[in-house]
Amino acid sequence: AKAVMWMRPSFMLHPQNWFKVLWDLSSVVILVTDLTLIPVILAWDIDLEGVLLGFSIFTSTFWAADVVVSVRSGFYYEGGDVEMRPCFVLRRYLAGPFIIDAAILLADWLSLVSIFTAGTVGTSEGFTLIRIGKATRILRIFALLRMVRLARVTDDLLDRYVSHELRLGMRIIMILLAFMWINHMISCLWFALGKYSPSDTGTRWTNGEVSVGNTSYFYDGESPLYQYATSLHWSIAQMTLGAMEVAASNTAERFFNITMIFMGLLFSSTLVSSLSATMIDLRMQIKVHNQTLRSLRQFLRQHDVQAEFSHRVTKAVVFRLKQKDPLHEKDVPAIGLLSVSMRSELRYHLCKDHLVTHPFFHICSALNPEHTVQDVCSNATEISFLQRGDDLFLAGNECNNMYFLISGKLDYAQLPDTSPVEEAQYTQVIACAHAWLCEAAMWTKWIHVGTATADVPCQTLILKADVAIRQLRKHRVVEEFTQSYAALYLDRVRTATSDKWPNDMDVAGTVFGELIASMDHDMQVGVSLEAFLKLSQRGMFRLFHDMEHLRKEIVSGECALWINNNEAERVVKTLVFSISRDYDDNLLMELAKVGPEQNNVRGVSSATVQLPGGKLKTMENIEEAAQRLFEEKLQPLSECVRLVGFDNEVVIEESPSVKIRTRYVKIVCHMELTESFDAPVVKPRHGNLRLSSAMSRSSSFRNGTTSPVGLSPPLWTTQGSNLSNAVLRPEVYRIAAEKSGLYAWLSPDEVVRFKRYDKKEAQEWLNSLDLGMSSCISEHV
């Protein structure tokens, strides 16, 4: 259950807190003891002194402390939510059990005050006060109402950890204890009636004579223990319709005796039927258990199964018989009495929240909120339960289902015999919002390449792929979206490489955001605007910046938007160029973008330190995007590089423009520099400059002069700057194209260093460059 714990104070106790559970268990023991002693004290007029006085002080103090614990304890709403806010807890307590608790406390402390203020306990006034105090203690019976909450918690613990047979045995014991406690109450009442009630005949049953051999004696002259045993004997005789030598001696006793006979008639039949039903249920359970094991052993013997393995099989079956399996829909006959439409609605409510955790079905529910998801839930879903050690699926078997782990943990294993892996791989799947397995079975003909086994008792949602597809085809818009999604998913499966072969848990490149970013323009915009609208309704956009710019990007197709585990995620497809040299591992990195010419503007506004490239346009393929971006940014290098190949890379980071988590799906175009190219060198504009020895074949350069780039790694040494006293900096080149920029050859370590601390060092480095009067650095987007 989720908890309502807004600004929860540290002193509040959760209903399932261990201290609260122990306190409730202690209250049960004290309550039972109290309700057992109070009738005896009242009936036999026992003085509260010694042990009884100490126990009375202890219980009064305990119930006073119980009021404080009750005010500090949260409670459950009917829907299962937990309320932990002090004002609501106090209001509920004052409107509920407070009056009863206050009356009980008043009775307790009146009893104690009467003892300590009566002076001499033996005086008649003292006895009167004590008797009044004792009589008020009977109000404690109302405290049984506090047992309801504990009974619910106890039942839940018994359901989880106690077997069905043990619960039946405990039920029999509880019935017998309840029977004895009721007879204890009646026996005390019967003795009090015979000792204190007025008599119209001048005699009472306690004045009766009993003969044992030649000796006669009266009940009221015997010990309290014998009197209690006689009263209890009489009570049990009346409840079981038996005989007893004690007889009623006046009208009040007669009427009480008649009442007990009627109660006994009802109670004895109820007791016998309850015990009989429980015993029969227990015997049937034991019979089924024994018959199951008997047939198993007979089968193993008939087939000559080895003794060691036979013992293992028997142990496994015994373990499973002790487990309590949750009820399946087919185990509840009452569900079969419902109409087809109501059964469909019931399954919808059972499965909907689990199904829409997958973004695909969430979008389907938005495209057709009235029918699609309900049809899928009603016809294509099933909830299954696994015990520890059960297999959800086995490697090599055909897969026709998609699975969602609702609760528990699964162990997924891939072995070289059945999977394209060099060594065994083990993965643990924990229940969460994205714990979906075998999605490939929805869109391809799939064979399991691994085995999933329950590590603890698990609950899973099974989605039948063929049936689900038939339901998705009923609605035109949903069908179009399904076809587009399925085609992209299938393409990812076909184009998978040996770096990461598809398995039952994951297929590379099938993250929902990446797939919608590859859909056609109208479909991508529609799905992204649905996510945009949902976030707007939830008020999440107040956390981000420039949302109108984000909306325009969505509409133009520059980015996609989706909800990833209740968090907004922007998806941008980019293509970048990774240009390397054959003699080192340096890459040509874009340090900053150069804007249009502006006079009297100096310095750098923002450093990028990234591979050159840009966003893909809507419906633009890789070859077209590569040609367009290369001409825009690196046109002077067109004759100096050789294409090596393409690769994919995904980077997740916060966008600097809209301040929202962004998934950059990068297509990396790998190129190799084959010959040097000419580009202007941008030199530092302050500090003592000298060219490091053995770093360049060129002479000193002025701003605007050109040099062959790429054949040697020239560096500038800057002294006296605020960066360091002797820092070697690579030369910076201005590559003029449709979109000019500043570039430098950087090693992987230098790239990492310049990107640290929000690119502070890179920004200071670019600010130290002499950009002249002809250009300035534009803002990074």
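**Nonpolar cores and aromatic contacts**

In this predicted model, the largest nonpolar core has 62 residues. Those with the most contacts inside this core are Phe360, Met442, Leu463, Phe481 and Phe512. Helix 16, spanning residues 476–494, gives the most to the core, with 7 residues. A second core is separate and holds 24 residues, including Leu629, Cys669, Leu673 and Ala679.

Phe360 is buried, because its relative accessible area of 1% is under the 20% cut-off. Not counting residues up to four places away in sequence, Phe360 touches Trp443, Leu472, Phe481, Thr482, Tyr485 and Phe512.

The structure holds 28 aromatic pairs. One of them joins Tyr93 and Phe98 edge-to-face, at 6.0 Å centre to centre and with 70° between the planes. Tyr93 is buried, at 6% relative accessible area. Phe98 is partly exposed, at 35%. Phe360 and Trp443 also form a pair, with ring centres 5.2 Å apart. Their planes stand at 75°, so this pair is edge-to-face. Phe360 belongs to helix 12 (residues 359–367) and Trp443 to helix 14 (residues 440–443), so the pair ties together parts 83 residues apart in sequence. Trp443 counts as buried, at 11% relative accessibility.

One aromatic cluster is formed by Trp44, Trp190, Phe191, Trp205, Tyr219, Tyr228, Trp234 and Phe256. Arginines also lie over ring faces. Arg91 lies over the face of Phe88, 5.1 Å from the ring centre. Arg581 lies over that of Trp745, at 4.3 Å.

An unreviewed UniProt entry lists transmembrane regions, among them residues 21–44 and 255–277. Residues 21–44 are 100% helix, with end C-alpha atoms 35 Å apart. Residues 255–277 are also 100% helix, and their end C-alpha atoms lie 33 Å apart.

Methods:
Residues numbered from 1 in each chain as written. Predicted model: local features only at pLDDT ≥ 70, side-chain atom pairs only at ≥ 80, totals over all residues. Heavy atoms only, no water. UniProt positions renumbered as here; feature names shortened; annotations may be inferred. Helix = DSSP H or I, 4+ residues; strand = E, 2+ residues; numbered from the N terminus. Core = buried A, V, L, I, M, F, W, Y, C linked by side-chain atoms within 4.5 Å. Buried < 20%, exposed > 50% of the residue type's maximum accessible area, 1.4 Å probe, protein only. Contact = heavy atoms within 4.5 Å. Phe/Tyr/Trp six-rings, centres within 6.5 Å; stacked < 30°, edge-to-face > 60°. Lys NZ or Arg CZ within 6 Å of the ring centre and 35° of its normal.
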